[in-house]
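Dear colleague,

Please find below the structure that I am handing over to you, together with its sequence. My notes on what was found follow it.

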Amino acid sequence: MDRKQERAFEKFVAESGDDLLRLATLLMSDRGLGEDLYQETLHRLAARWSRVDSPRAYCRQVMHNIVIDQLRVRRRQVPEIRLADAYDNTDPRADDPASAAELRPALLAALRTLTPQQRTIVVLRYFDDRSENDVAEVLGVSPGTVKSTASRAMAHLRVQPGLSGLFAMTGTGSMTRRVRYA
Amino acid sequence: MPEVLDEDILRELMVRCTSDLSAPPGAAQAAIRRQRRRRLRTRALTVAGTAAAAGIAVGTMASASGTGGTGGAGGAGGSGGAGTPAHGPAIRLTAAQQALFSLSSAAATQPRPSGRYVVQAEKATTIESGSGSSTSEIGPKTSVIDTVTGGGVTYQDISVSGSGAGGTPTPPGVLNAPAGSSPTRAQLDALPTDPSALRANLLAQAKQQAAQAQQSMEQLKKAKKAYPVATDPLSDDDLVFEQATDLLWEPDLSPQLRSALYKVLADTPGVTVQTGAKDSSGRPATEISRYQAPGQTSVETFEDPATGATLESAWRSPGEFDEDLYYSTTYTNTIPADPYQG
């Protein structure tokens, strides 16, 4: 990177950093791991800055790759004790600290019960607002798989105790109407 | 009446639960700093050989190596005559200085290979330990430097570095460096080979780079694009050590320039030399380092005691370790093919 590129990189991070950190936190479903993922993603983006067309798309792809890679590593390790919720001390200056602080552990815990692919799909699809085709490209699967996996993930989240009562349609009617198992 | 879908509720939940999270300050700068370090070796010496730097007065300090006076054979200022003058033994040398002079002599007697392209087989390692996680990237690569344009190409062994790195999207196996990425042979040969003049030149370069960095930092601050990063002012000796070690791992130095660099290091207070060390691949080496304030990046470089060639350079900063290990340096007149293909 020359100085001009460094400036552009800093500008991008200043504009998109918060969003990327939030995306990373949801993908990892953990605040500390989310921060690690965010920092590592910036490192890789900086290393490739001059050859990246769309920094956002690149970050999305890198985050997915790191998530998948860490899973591979973690599978070989002894399950660790989770300190995530203890780490979660919310900034009291936030707009609506009560709801964010109360809801976050429940939401992250619910997201952690999804498979990594389900989690990535719902986060990219609904939080990052990517189309089914975009998500399919990031994950290297078909758009049909994205659709059906998202449905299954939604069905799974609806019945999570931590999120009970939050969803509008938990009845079987809506399940059969909108959840189509491919 | 539009119906509220569960997907919309989930979206709202995810947005709300993360709305109070903001990115830690300094993350962009950390990524840039790390990137700069990784590029150090191929970084152009921005003012190497320019008239401004070359015109700096000689002899800013009393040099232990002398500038030709008493016992020397004269001719230190000549345009790289075969024999660098032996330093006058008038001053009692410390063990560190002796080791550096020994490297200097070894370097001076090396032949200068011919060939337009320098081919270096190397291995780069990055180990980073962040909060709770650590990543390492290890990969063999072959760098080809075009000594005429300063451009070149780097071939990477993707099969190794890809898996170790944790998979960026298919890292390109071939990276093209534009002209000017490395100093050209002409730029390197224009540097003075008299130790005092070389020291003055390195210092002038470092100050110019620092001024440029300061200037762009100020601009960023004005545009509110940068978080202020505390930078401790570096002493002249800090700067000289940084520049000299930067330059040492340029492969295409003339024997005279490499020899002079070791003399510059011998005159720089705080330089620590460990003889009988080994590089990380086990080769016998002389290790050169220097005390750095805690929190700063420290540099270690390992030199071959027999030839004065650089075997390994390593950077250490809190939570991070970068190292380049050099296996071989050869010269050719054509760009070699990708050794990792197929």
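Predicted model: local features only at pLDDT ≥ 70, side-chain atom pairs only at ≥ 80, totals over all residues.

Is B:Glu287 buried or exposed? B:Glu287 is buried, because 20 other C-beta atoms lie within 10 Å. (A residue counts as buried if 20 or more other C-beta atoms lie within 10 Å of its own, as exposed if 12 or fewer do, and as partly exposed in between, with C-beta atoms placed from the backbone.)

Residues are numbered from 1 along each chain as its sequence is written, while chains are lettered from A and ligands numbered from 1 in the order in which they are written.

B:Glu287 belongs to strand E6 (residues 284-290) of chain B. Helices (H or I, at least four residues) and strands (E, at least two) are DSSP runs, numbered from the N terminus. Beyond its neighbours within four places in sequence, B:Glu287 is in contact with B:Gln274, B:Ala277, B:Glu300 and B:Phe302; contact requires that the C-beta atoms of two residues, placed from the backbone, lie within 7 Å. B:Thr272 is 15 residues from B:Glu287 along the chain, and their C-alpha atoms are separated by 8.0 Å.

Regarding confidence, pLDDT is the predictor's confidence in each residue, from 0 to 100. Chain B has a mean pLDDT of 74, with 66% of its residues at 70 or more. Within chain B, the highest confidence is found in helix H9 (residues 255-266), at a mean of 96, and the lowest in helix H3 (residues 51-54), at 32. Over residues 41-89 of chain B, pLDDT stays under 50, and the model has 93 contacts beyond four places in sequence for them. For the complex, the predictor gives an ipTM of 0.80 and a pTM of 0.51.

Chain A has nine helices and zero strands. Of its 182 residues, 36% are buried. Among contacts in chain A with a separation of 6 or more, 60% are between residues 24 or more positions apart.

Helix H1 (residues 3-28) of chain A has 26 residues, yet its end C-alpha atoms are only 33 Å apart, whereas a straight helix would reach 38 Å at 1.5 Å a residue. (The expected span is 1.5 Å times one less than the number of residues.) H1(A) bends by about 60° at A:Ser16, the bend being the angle between axes fitted to the seven residues ending there and the seven starting there. Just after H1(A), A:Ser29 has a positive phi of about 55°.

With kind regards
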